[in-house]
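Please open the structure in your viewer and keep the selection tool at hand.

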Amino acid sequence: MMRGRFISLEGLDGAGKSTHLAFIEGRLRGRGVDLLTTREPGGTPLGEALRGLLLSRGMVADTELLLMYAARVEHVQSVIEPALAAGRWVLSDRFHDASYAYQCGGRGITRARLAALEEWALQGFAPDLTLLLDVPAELAAERRAQARAADRFEAEDLEFFRRVRDAYLERAGLNPQRIRVIDATRAPAEIQTDVARLLDSL
Ligand code: TMP
């Protein structure tokens with residue numbers, strides 16, 4: 001049995017993840033890939049319950065990170081890993097790079113503490129490909145304002161999202177093979193040309 005591929009999609013709230021997630025799903029299914037689409041935080045009944053807490057309740061940054069990781073460990077061990085082992089592909093709307101961007105960049109948890117937790121929880125497990133939809137914080141905020149009511153993260157100020165973006169780009173710089181940065185300020189059709197090319201290389 002050929003092991004499946006694991007793809008994650010990342011970006012600021014308002015970067016256009018939902019639109020491009022649907023495109024990626026269609027592209028892969030069109031190739032006959034047996035695909036499981038999921039999300040973080042979430043992806044399991046426990047993870048979805050934790051998501052409800054994470055998006056609505058105030059908590060200190062360390063608790064936030066640990067709950068993200070509790071949801072992630074549950075997700076990896078009970079859903080993602082078994083699917084990959086069975087030859088299915090997995091597409092996740094966010095994965096561990098979001099913790100680096102939001103909890104280190106946004107909230108200020110040190111990279112060293114996150115690295116220790118990441119190693120303990122994931123033991124080297126990572127996506128085969130990560131697509132980072134990159135937009136400036138200002139543009140993401142404009143798009144969010146038109147689209148929906150803000151959750152606890154989306155209610156953060158521009159400075160928070162600037163730090164999140166910088167941390168995403170820093171992480172991409174550290175993992176240039178895995179994380180592909182896509183200029184998501186462009187028209188959807190142009191973005192999708194790039195996304196399709198990257199998917200077709202998998
Ligand atoms: P979503 O709205 O893209 O589904 O993500 C929910 C929020 O959770 C989003 O604002 C980013 C945040 N988040 C983190 O802060 N750390 C994480 O590890 C993950 C997966 C998401």
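The count of salt bridges comes to 23. Please bear in mind throughout that this is a predicted model.

**Stop 1: Asp34 and Arg88**

Select Asp34 and Arg88, whose side chains form a salt bridge with an N to O distance of 3.1 Å. Asp34 belongs to the loop between helix 1 (17-30) and strand 2 (35-39), and Arg88 to the loop between helix 3 (61-85) and strand 3, so the bridge ties together parts that are 54 residues apart in sequence. Are these two residues buried, exposed or partly exposed? Asp34 has a relative accessible area of 45% and is partly exposed. Arg88, at 27%, also counts as partly exposed.

**Stop 2: Asp97 and Arg171**

Next, select Asp97 and Arg171, which meet in a salt bridge of 2.6 Å, N to O. Because Asp97 lies in helix 4 and Arg171 in helix 7, this pair ties together parts that are 74 residues apart in sequence. Asp97 has a relative accessible area of 1%, so this residue is buried. Arg171 is buried as well, with a value of 7%.

**Stop 3: Glu156 and Arg107**

Now select Glu156 and Arg107; their side chains meet in a salt bridge at 2.7 Å, N to O. Glu156 is found in the loop between helix 6 (137-147) and helix 7, while Arg107 is in the loop between helix 4 and helix 5, and the two are 49 residues apart. Glu156 is partly exposed at 27% relative accessibility, and Arg107 is partly exposed at 23%.

**Stop 4: the aromatic rings**

A pair of aromatic rings is described by the distance of the centres and the angle of the planes. The count here comes to 8 aromatic pairs. Select Phe95 and Phe125: their ring centres are 6.1 Å apart and their planes stand at 75 degrees, so the pair is edge-to-face. Phe95 sits in the loop between strand 3 (89-93) and helix 4 (96-106), and Phe125 in the loop between helix 5 (111-122) and strand 4 (129-134), 30 residues apart. Both Phe95 and Phe125 are buried.

Continue with Tyr102 and Tyr168, where the centres are 6.2 Å apart and the planes are at 90 degrees, so this pair is also edge-to-face. Tyr102 is in helix 4 and Tyr168 in helix 7 (residues 158-174), so the pair ties together parts that are 66 residues apart in sequence. Tyr102 and Tyr168 are both buried.

**Stop 5: Arg72 over two rings**

Select Arg72 together with Tyr69 and Phe95. The charged end of Arg72 sits over the ring of Tyr69, 4.5 Å from the ring centre. Arg72 also lies over the face of Phe95, at 5.4 Å from the centre of that ring.

**Stop 6: the ligand**

Finally, select the ligand. Which residues come nearest to the ligand? Of the 14 residues around it, these are Asp13, Lys17, Arg94, Ser99 and Gln103. A polar side-chain atom of Lys17 is 2.8 Å from an oxygen atom of the ligand. For Arg94, a side-chain N or O atom lies 2.7 Å from a ligand oxygen, and for Ser99 a polar side-chain atom lies 2.6 Å from an oxygen atom of the ligand. Taken alone, the ligand exposes 480 Å², of which the protein buries 95%.

Terms used:
Residues numbered from 1 in each chain as written. Predicted model: local features only at pLDDT ≥ 70, side-chain atom pairs only at ≥ 80, totals over all residues. Heavy atoms only, no water. Phe/Tyr/Trp six-rings, centres within 6.5 Å; stacked < 30°, edge-to-face > 60°. Helix = DSSP H or I, 4+ residues; strand = E, 2+ residues; numbered from the N terminus. Buried < 20%, exposed > 50% of the residue type's maximum accessible area, 1.4 Å probe, protein only. Lys NZ or Arg CZ within 6 Å of the ring centre and 35° of its normal. Near = heavy atom within 4 Å. Polar contact = N/O pair within 3.5 Å; in protein donor to acceptor, adjacent residues only side chain to side chain. Areas by Shrake-Rupley, 256 points an atom, 1.4 Å probe, with all protein chains shown as cover. Salt bridge = Lys/Arg side-chain N within 4 Å of Asp/Glu carboxyl O.
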